[in-house]
Amino acid sequence: MAFYITTAISYVNGVPHLGHAYEAIATDVIARHMRQRHSQEVFFLTGTDEHGEPVADAAKAEGVTPQELADRNAERFRALMPQLDVSNDFFIRTTDEEHQRRVQEVLQRVHDNGHTYKGLYEGWYCPRCADFKVENEILEGNLCPIHEIRLTREQEENWFFRLSTFQEPLERLYADRPDFVMPPVRFNEAVSFIGSGLQDVSLTRARMTWGVPVPWDPGHVFYVWFDALLNYYTALGYARPGEDLTDRFWPANYHIIGKDILKFHTVFWPALLMAADLAVPQHVFVHGFLLGADGRKMSKSLGNVLDPFEVIEQFSTDALRFYLMRDVGFGADGAVGMDSVTARYESELANEYGNLASRTIAMILRYRDGVIPDADTDPELAAEFAGLPERVAELLDGAEVTQALELIWQRVRRCNRFVEERAPWQLAKDPESARALDQTLASLAEGLRVISVLLAPYMPASTAKLLAALGASELSLPGATFAARTGGRCVIALEPLFPKRG
Ligand code: ME8
């Protein structure tokens, strides 16, 4: 079974920010989880969106060529991935020659299939969105609904994509596949956009030069959104030199995107694929926006920006990953800030998971010379882990990264309560309680192991250290089943995973 997942590709007119990190981390959690399933072969794509007006304008303002600006900023986005411990299989740049050639191939087919025509376009254009807005989207005073900047009235002769002829096929797609767009609130948003009546859209721009040339009309370049969307498809053709992965991985299982680009992914994209005789992806998951701690849009001038690099420096990459997946329900908007990072770090990572890890290992070292007792585990505790890997898998099948994490975290808390209930330090005082102590320690070691395998996609570095200390580095999902009998392995001392900060 093949599993293909993508993030949106980032504009290179700016530099990486928390929104980019958030999307990449969430996608990485799902990709890493899928790799834990032996039956899955996973491909995870991310990259940069380098053509179009926003990039050309930003380059001009800086006095450099668009290619120079793209080269410089694409490097920063590429370097972001290892900093976040993100395990993408390829990084696509839309200026890659192979990408451009495939864009031309696919869009030539759309043209040959009769889905284009030449016409005069006049409309309200937002240069920041690189998008013409339809009348019912525009805010009062002709403002962009996303950037709230004044739109300009533009007219040009363009090639059009006959989006309107896909009204019915799109309605059918949505009727047949209630999980095509998730969560449901976003599905409804897409359906209502389609229901309001689709207008044809510009496929090419005559005035721009920074883009992929239109093969049948060399004076034009493709409108950046079509070039960008196609990255999901083109990358498979050249990501692995000498190998074409398209047949294995297309259509994609998941596109993970933010709510501001819903229309492009849930309306234009499936229509374009149908026009090119290509299969439509299985799911588009639309996440919300991270807001400043004051609940407003993050902006430097408001001073409410959470800087991912500062979180990494003060805490760790795992702490950033955990915090973002934990604090804001995936799919919803949410406020984030350094105070809540600190609170979660201390109360959950240090005091709950970190503490469970250090006391479990310390007790096995102290009471059993570092050997996990070869004993039956506690059936009541085992029952609370029954079906857990399957339920986590089910939730992550639906991209529910926050809910899956909550389910795992309940077991972290359960194990800590188990320590209090059993009070192993009391059992250790009485030789008659040796068997009870064996069972307690074996159960805790097993609980901690299962939790850590399930947490590995969220916090790959800390869980790897912990599993190594437990002498059980196997990460596969079937291995996350709580065993009825365990033990015999040696543990080794472990530095605190989430040290108290100064
Ligand atoms: O939209 N919170 O690129 P981009 C959460 N190039 N997510 C956020 C966010 C925030 N505050 N800000 C941005 C583009 N994002 C296009 C995509 S795909 C074929 C082309 C998300 O760099 C945003 O929703 O502006 C998008 O999914 C991603 O970051 C890249 O945004």
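On a 1 Å grid over the protein atoms alone, a cavity is a set of points where a 1.4 Å probe fits but cannot get out, while a pocket is an open set with protein on both sides within 12 Å along at least five of seven lines; lining residues have an atom within 4 Å of a point. Grid points are joined across faces, edges and corners, and a volume is the space filled by probe spheres set on the points.

The model is predicted: local features need pLDDT of at least 70 and side-chain atom pairs count only at pLDDT 80 or more, whereas totals for chains, interfaces and linings use all residues. Residues are numbered from 1 along each chain as its sequence is written, and side-chain values use heavy atoms, with hydrogens and water left out.

**Cavities and a pocket**

Two cavities of 30 Å³ or more are found in a search of the whole structure. The lining of the largest cavity consists of Gly52, Glu53, Tyr125, Ala130, Arg205, Met208, Trp210, Val221, Phe222, Tyr223 and Val224. Around the second largest cavity stand Tyr345, Glu346, Ala350, Pro499, Lys500 and Arg501. The second largest pocket has 18 lining residues, and those nearest its centre are Val134, Phe193, Gln199, Val201 and Phe268. At least two residues of this pocket lining come from each of β6, β9 (201-202) and α10 (262-275).

The table gives volumes and lining classes. Ala, Val, Leu, Ile, Met, Phe, Trp, Tyr, Cys and Pro count as nonpolar, Asp, Glu, Lys and Arg as charged, and the others, Gly among them, as polar.

| Space | Volume | Lining residues by class |
|---|---|---|
| Largest cavity | about 50 Å³ | eight nonpolar, one polar, two charged |
| Second largest cavity | about 30 Å³ | three nonpolar, no polar, three charged |
| Second largest pocket | about 240 Å³ | nine nonpolar, five polar, four charged |

**The sheet**

Helices (H or I, at least four residues) and strands (E, at least two) are DSSP runs, numbered from the N terminus. Two strands pair if DSSP finds at least two bridges between them. Four strands form an open sheet in the order β6-β5-β7-β9, with antiparallel pairing. Its edge strands, β6 and β9, each pair on one side only.

Strand β5 (residues 116-126) is joined to β7 (residues 152-161) by ten bridges. Thr116 has Phe161 as its bridge partner in β7, and Trp124 is opposite Arg153. Three bridges link β5 to β6 (residues 131-133), with Cys126 partnered by Asp131. The hairpin of β5 and β6 has four residues between the strands, and there Ala130 takes a positive phi near 55 degrees. Ala130 is also one of the residues lining the largest cavity.

**Cores and helix α19**

A nonpolar core is a set of buried Ala, Val, Leu, Ile, Met, Phe, Trp, Tyr and Cys residues joined through side-chain atoms within 4.5 Å. Buried means under 20% relative accessible area (1.4 Å probe, protein chains only), exposed over 50%, and partly exposed in between. The largest such core has 91 residues, and Met325, Tyr353 and Tyr458 have the most contacts inside it. Helix α13 provides the largest share, eleven residues. Another core, of 68 residues, lies apart from it and includes Ile9, Leu45, Tyr232 and Val280.

Contact means heavy atoms within 4.5 Å. Leaving out residues up to four places away in sequence, Met325 touches Tyr22, Ile25, Ala26, Val29, Val401, Thr402, Leu405 and Tyr458.

In helix α19 (residues 460-469), the buried residues are Pro460, Ser462, Thr463, Leu466, Leu467 and Ala469. They pack against α1 (18-35), α12 (317-327), α13 (338-368) and α18 (434-455).
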